[in-house]
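Let's take a walk through this fold, one side chain at a time. Have the structure open and follow along.

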Amino acid sequence: MKVLVYRKCSTCQKALKWLETHQVSFDERPIVEQNPTYEELKEWHEKSGMPLKKFFNTSGMLYKQMNLKDKLKDMSQEEQLKLLATDGMLVKRPLVVGDDFVLTGFREKEWEENILK
């Protein structure tokens, strides 16, 4: 299982603590230094079954500076994926990629259902 995080993010810190508490083994990947590629994002989006908007860090400064709230609806899925691949700060985190699931953000109940099964 891969967990993409930004160490300065309080939600990511909570998520990592949760994983340690539950003794879950995982590979940590710094989302800013090793931004997900277009191919990875496309694969994870398809695997997740979630709308692509769930992959965007909508509360992030970069998202707001780029005025993406208004721009995303006019962009194709491919354009959105390419944009996400340009900067890890645009990607919702933590991002967890398991064998048969993908999770964005940290919602404890959702994590329990998918990770601890």
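Leaving out neighbours within four places in sequence, Arg93 is in contact (heavy atoms within 4.5 Å) with Leu4, Tyr6, Cys9, Cys12, Ile31, Asn57, Gly88 and Gly105. You'll find Arg93 in the loop between helix H5 (77–84) and strand E3 (95–97); helices (H or I, at least four residues) and strands (E, at least two) are DSSP runs, numbered from the N terminus. Keep in mind that this is a predicted model, where local features need pLDDT of at least 70 and side-chain atom pairs count only at pLDDT 80 or more, while totals for chains, interfaces and linings use all residues. Residues are numbered from 1 along each chain as its sequence is written, and side-chain values use heavy atoms, with hydrogens and water left out.

So what about the charge on Arg93? Arg93 is buried yet has no salt bridge, and the nearest side chain of opposite charge, Asp87, is 7.5 Å away. Here buried means under 20% relative accessible area, exposed means over 50%, and partly exposed is in between (1.4 Å probe, protein chains only). Lys and Arg count as positive and Asp and Glu as negative, with His and the chain ends not counted. A salt bridge needs a side-chain nitrogen of Lys or Arg within 4 Å of a carboxyl oxygen of Asp or Glu.

By that rule the model has eight salt bridges. One of them joins Glu46 to Lys42, with the closest N and O atoms 3.4 Å apart. These two sit four residues apart in helix H2 (residues 38–48), so about one helical turn separates them. Glu46 is exposed at 54% relative accessible area, and Lys42 is partly exposed at 34%. Helix H5 has a pair too: Lys82 bridges to Glu78 at 3.0 Å between the closest N and O atoms, again four residues apart, about one turn of the helix.

Asp100 and Lys117 also meet in a salt bridge (3.2 Å, N to O). This pair links distant parts of the chain, with Asp100 in the loop between E3 and strand E4 (102–104) and Lys117 in the segment after H6, 17 residues apart.

Now for the rings. Rings of Phe, Tyr and Trp (its six-membered ring) pair if their centres lie within 6.5 Å; planes under 30 degrees apart are stacked, over 60 edge-to-face, and the rest tilted. That gives four aromatic pairs. Trp18 and Trp111 have ring centres 5.5 Å apart and planes at 85°, so they pair edge-to-face. Trp18 in helix H1 (residues 10–21) and Trp111 in helix H6 (residues 108–115) are 93 residues apart, linking distant parts of the chain. Trp18 is buried at 6% relative accessible area, as is Trp111 at 0%. Together with Phe106, Trp18 and Trp111 form one aromatic cluster.
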